[in-house]
Amino acid sequence: MIVTQDNFSKILTILNTQKIVFIDTETNGLDPYVGHRICGIGLGLGSGKTYYFPFRHLYPNSSNLTQGQLTALIEVLNTIKIMVGYNIKFDLHMLMMDGFIPWDKDLVDVLVGVRLNEIERFPVLGLKDTIERVFGPGSADYDVRTKGILKKNKWTKNFSLAPIDVLGPYCEEDVKWTTKLYLYCLQGIKSTSQTRIWKLENDLTKTLLRMERIGISIDTSYCEKALEKIQERTNVLTERIFSKVGYEFNLNSTKEVGEMFNSLGIHSQEKTPKGKESWGEVALIQIDHPIAGFLHEHRSLEKMRNTYLEPNKTILILHTTYCNWGTITGRLSSREPNLQNIPRFLISVSDKIISSDKAKEIQERIYSMVRANSGARTTVGGSSLSSWGFTGDEKFSDDTEDIVSIRRLFIARPGYSLVSFDYSQMEVRVFLSYLDNKEILQKMAKEDFDFHTEAAKIAFGVTEDNENFKFYRQLAKALTFGVIYGIGVSRLAIQLDKTEEEAKEYRDTYFKNIKGSRRFIHNVAKQVRERGYIVNRYGRRYSPEVGKEYVGVNYLIQGTSADIMSERMIEVDKFLRGVGGSVLLQIHDELICELPTPTLDNYVGKVKELLEYNSFNIPLKVDVAICSPSWAHKKG
């Protein structure tokens with residue numbers, strides 16, 4: 001532990017000769033954007049030597065180094081070319097608050113390396129669990145011991161309260177094991193020929209770090225107005241439910257909700273794992289009674305309030321965390337908060353008159369929700385439909401007072417505009433590229449290509465003037481996604497509202513006429529059975545279970561799509577940095593960028609071009625929309 005000037009000077013001299021450093025930080029909280037800061041820095045040189053630099057320990061009589069020494073250490077770290085850490089973006093955000101500059105460095109996240117090595121077999125990827133999994137039980141006992149001391153003394157939420165001689169050795173152990181895991185992962189990545197995707201992920205880490213640090217602006221005044229509207233509507237719904245039932249009860253109590261429905265002679269078709277009646281969303285959808293719709297609306301509005309509005313009503317810039325290690329396939333995930341799950345639908349906060357066309361749309365949406373969640377058939381309709389019309393529209397207008405849009409919260413900074421770049425049918429196009437079907441590949445290159453339309457024509461021999469063409473297009477779409485997501489005949493029958501025999505016949509016709517589809521699926525299953533793994537276009541390896549080879553198709557398609565997006569995000573980030581723009585959000589197949597308004601027209605086309613290009617010459621198409629003044633205001 002470095003607590004004297006002599007030792008500090010010696011270590012700085014050593015650090016000045018290093019090209020690679022392993023790092024871990026200890027902090028007084030988890031969010032640098034609300035004032036949490038480093039209380040200590042752990043460094044390793046890869047040779048087995050580790051050091052701890054204490055700076056802001058609050059434990060009485062702590063031998064902290066000075067602010068000047070922290071500045072000097074950061075200046076030296078700024079000269080290091082390669083930084084390695086476990087979940088390194090967290091440490092870098094903290095270091096940047098004290099002047100660290102990461103943009104000219106190679107950033108290596110060992111956590112991403114663990115994901116590439118472990119794939120799906122061990123979903124718990126925390127440092128302690130990973131150490132014990134790789135190096136054996138008991139190897140991470142230091143973590144258990146230290147966490148026990150921190151918990152006993154109530155230091156777990158603020159590590160700076162702990163003594164240096166407790167936290168320092170703990171941090172050094174983290175650095176030591178991060179170094180060992182790095183070497184372990186590097187060997188595994190090389191032996192499985194995943195070096196290409198490993199480099200891509202390391203480059204992506206820097207892009208994600210920049211996106212997280214920039215954040216996205218929040219319109220707090222709109223947030224307040226939306227909260228008021230939702231409060232008024234939930235009050236109306238509460239009174240309406242109580243009036244119909246005849247007494248008041250706790251709307252948030254599953255037990256009391258169940259007793260209320262049972263008193264009306266209504267029982268749930270859904271069961272909990274313990275066999276009791278479930279009253280969740282899928283259960284409510286299947287109940288043909290207005291109260292079910294009102295209760296679902298009430299719950300949905302409460303979720304909007306608690307998840308998206310209340311937490312953001314005083315936040316000017318919202319920062320998320322992107323995880324390029326959070327999924328098996330390689331897709332990014334977002335957390336704290338999850339900005340990939342922002343509802344695109346508008347929310348009505350008043351009663352709506354439902355037209356017959358709207359009723360059909362609502363009913364189809366209800367059917368889709370049930371099929372997606374439970375695979376059950378449902379006959380919901382009639383009297384309950386009017387109470388399900390509070391959400392579904394997507395086109396936002398400031399002139400409509402009785403509408404709330406969560407995407408309306410997200411706005412551009414002054415002088416900038418938000419721009420949405422959205423891949424059109426990306427996973428479908430990647431699926432087609434795996435089929436090696438020249439006829440379809442040629443059609444894909446056309447500007448107005450729509451695969452579901454083409455698939456209906458090819459698979460079922462119909463033309464667009466056929467009176468049932470809409471059904472056949474929907475059928476082709478269901479079959480395509482059935483292949484991509486591994487949906488079996490029984491689930492497909494439910495989605496198509498057909499018998500299993502009919503669904504199987506449609507599927508067989510699809511495979512017969514969409515040349516290459518059956519061969520592709522067969523080859524995936526064969527590779528899983530014969531060698532135990534499959535590899536996507538970027539070399540990312542997957543190991544589906546034997547007997548569940550169908551998920552391998554999804555891994556290849558979704559994984560390749562995700563890796564293309566990652567590859568292109570890196571290039572877009574590089575370009576926008578040079579022109580004063582930024583990548584702000586990634587929502588699977590969509591990027592939200594922020595570009596200077598005066599030069600908007602100069603750069604939108606270039607970003608679109610960068611996204612449509614890819615290493616495998618797959619004809620990809622990107623739809624562009626200007627989102628001004630907010631994400632909800634999309635103009636093509």
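This is a predicted model: local features need pLDDT of at least 70, side-chain atom pairs count only at pLDDT 80 or more; totals for chains, interfaces and linings use all residues.
Helix α17 spans residues 469–485, and helix α19 spans residues 500–513. Angles of 65 to 115 degrees count as roughly perpendicular, so α17 is roughly perpendicular to α19. On the α17 side, the contact uses Phe471, Leu475, Ala476, Leu479, Thr480 and Val483. On the α19 side, it uses Tyr506, Arg507, Tyr510 and Phe511. By class, this contact of α17 with α19 has 8 nonpolar residues, 1 polar residue and 1 charged residue.

Helix α17 also packs against helix α21, which covers residues 550–579. Here the axes come within 6 Å and cross at roughly 100°. This pair, α17 and α21, is therefore roughly perpendicular as well. Val483, Ile484 and Tyr485 of α17 meet Val553, Asn554, Ile557 and Gln558 of α21. The contact of α17 with α21 has 5 nonpolar and 2 polar residues, with no charged residues. Val483 takes part in the contact with α19 and in the contact with α21.

Helix α16 runs from residue 451 to residue 460. Of its 10 residues, 8 are buried, so α16 is largely enclosed by the rest of the structure. The buried residues are Phe451, His452, Thr453, Glu454, Ala455, Ala456, Ala459 and Phe460. They pack against four helices: α14 (426–435), α15 (438–444), α17 and α19. After α16 comes glycine 461, with a positive phi near 60°.

Strand β16 pairs with β17 (residues 590–596) in the antiparallel sense, over 5 bridges. Within this pair, glutamine 586 has leucine 591 in β17 as its bridge partner.

A hairpin is formed by strands β2 and β3. Strand β2 covers residues 38–44 and pairs with β3 in the antiparallel sense over 5 bridges. Glycine 42 stands opposite tyrosine 52 in β3. Between the two strands lie 5 residues, and glycine 46 in this hairpin has a positive phi near 85°. Strand β3 (residues 50–54) is mostly covered, with 4 of its 5 residues buried.

Arginine 233 belongs to helix α9, which spans residues 220–245. Is this arginine buried or exposed? Residues under 20% relative accessible area are buried. Arginine 233 has 6% relative accessibility, so arginine 233 counts as buried. Leaving aside residues up to four places away in sequence, arginine 233 touches Arg240, Glu297, Leu301, Val349, Ser350 and Asp351. Threonine 71 is 162 residues from arginine 233 along the chain, and their C-alpha atoms are separated by 53 Å.

Methods. Residues are numbered from 1 along each chain as its sequence is written. Side-chain values use heavy atoms; hydrogens and water are left out. Axes are lines fitted to C-alpha atoms, for helices over the stretch in contact, and angles run from 0 to 180 degrees between N-to-C directions. Angles under 35 degrees count as roughly parallel, over 145 as roughly antiparallel, 65 to 115 as roughly perpendicular and the rest as oblique. Contact means heavy atoms within 4.5 Å. Ala, Val, Leu, Ile, Met, Phe, Trp, Tyr, Cys and Pro count as nonpolar, Asp, Glu, Lys and Arg as charged, and the others, Gly among them, as polar. Buried means under 20% relative accessible area, exposed over 50%, partly exposed in between (1.4 Å probe, protein chains only). Two strands pair if DSSP finds at least two bridges between them.
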